[in-house]
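Please open the model and keep it beside this note.

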Amino acid sequence: MLMFDIPFGTTDWDGVERTEHAGETGKAYWRTRSFNNIRVRMVEYTPGYLADHWCQKGHVLLVLEGELHTELADGRTVVLKPGQSYQVADGDLAHRSRTDVGAKLFIVD
């Protein structure tokens, strides 16, 4: 991730438009800011959410609330709780998200 030409700024996430994204089950709500090649998101998953795809994009992800289960293409599942994070490079390991109880995440990719 190369960050360039981004002047200092702040974000009031409540003021950023919320978009809805259907999962295989449940929904995801994104609030997204883009800075050149960087996307920064506040994401909320409803209880019972399961992503509708396996992702190969790199992310830095921090769980703010709830519990996130990240399924990895190698068969492992990683469970993250508030204050825990993961990072993965583009194309490194396919992964998908699910949650039984819902989750709020901060993601940079």
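1. First, a term. A residue is buried if its relative accessible area is under 20%, exposed if over 50%, and partly exposed in between, using a 1.4 Å probe and protein chains only. Tyr49 is buried, with a relative accessible area of 7%. Tyr45 counts as buried too, at 12%.

2. Know what you are looking at. This is a predicted model: local features need pLDDT of at least 70, side-chain atom pairs count only at pLDDT 80 or more, and totals for chains, interfaces and linings use all residues. Residues are numbered from 1 along each chain as its sequence is written, and side-chain values use heavy atoms, with hydrogens and water left out.

3. Now the ring pairs. Rings of Phe, Tyr and Trp (its six-membered ring) pair if their centres lie within 6.5 Å; planes under 30 degrees apart count as stacked, over 60 as edge-to-face, and the rest as tilted. How many aromatic pairs does this rule give? The count is 2. In one, the ring centres of Trp13 and Phe106 are 6.1 Å apart and the planes stand at 85 degrees, so the pair is edge-to-face.

4. Trp13 belongs to the segment before β1 (18-22), while Phe106 is in strand β9 (residues 103-108). Strands (E, at least two residues) and helices (H or I, at least four) are DSSP runs, numbered from the N terminus. Trp13 is buried, at 16% relative accessible area. Phe106 is partly exposed, at 26%.

5. Tyr45 and Tyr49 form a stacked pair. Their centres are 4.1 Å apart, with 10 degrees between the planes.

6. Next, charges over rings. The rule asks for NZ of Lys or CZ of Arg within 6 Å of the ring centre and within 35 degrees of the ring normal. The charged end of Arg18 sits over the ring of Tyr29, 3.8 Å from its centre. Arg41 lies over the face of Trp30, at 4.4 Å from the ring centre.

7. Last, check the backbone. Most residues other than glycine have a negative phi. Asp5 is not a glycine, yet its phi is positive, near 50 degrees. Asp5 lies in the segment before β1 and is exposed, at 67% relative accessible area. Asn36 is in the loop between β2 (27-35) and β3 (38-45), and counts as partly exposed at 48%.
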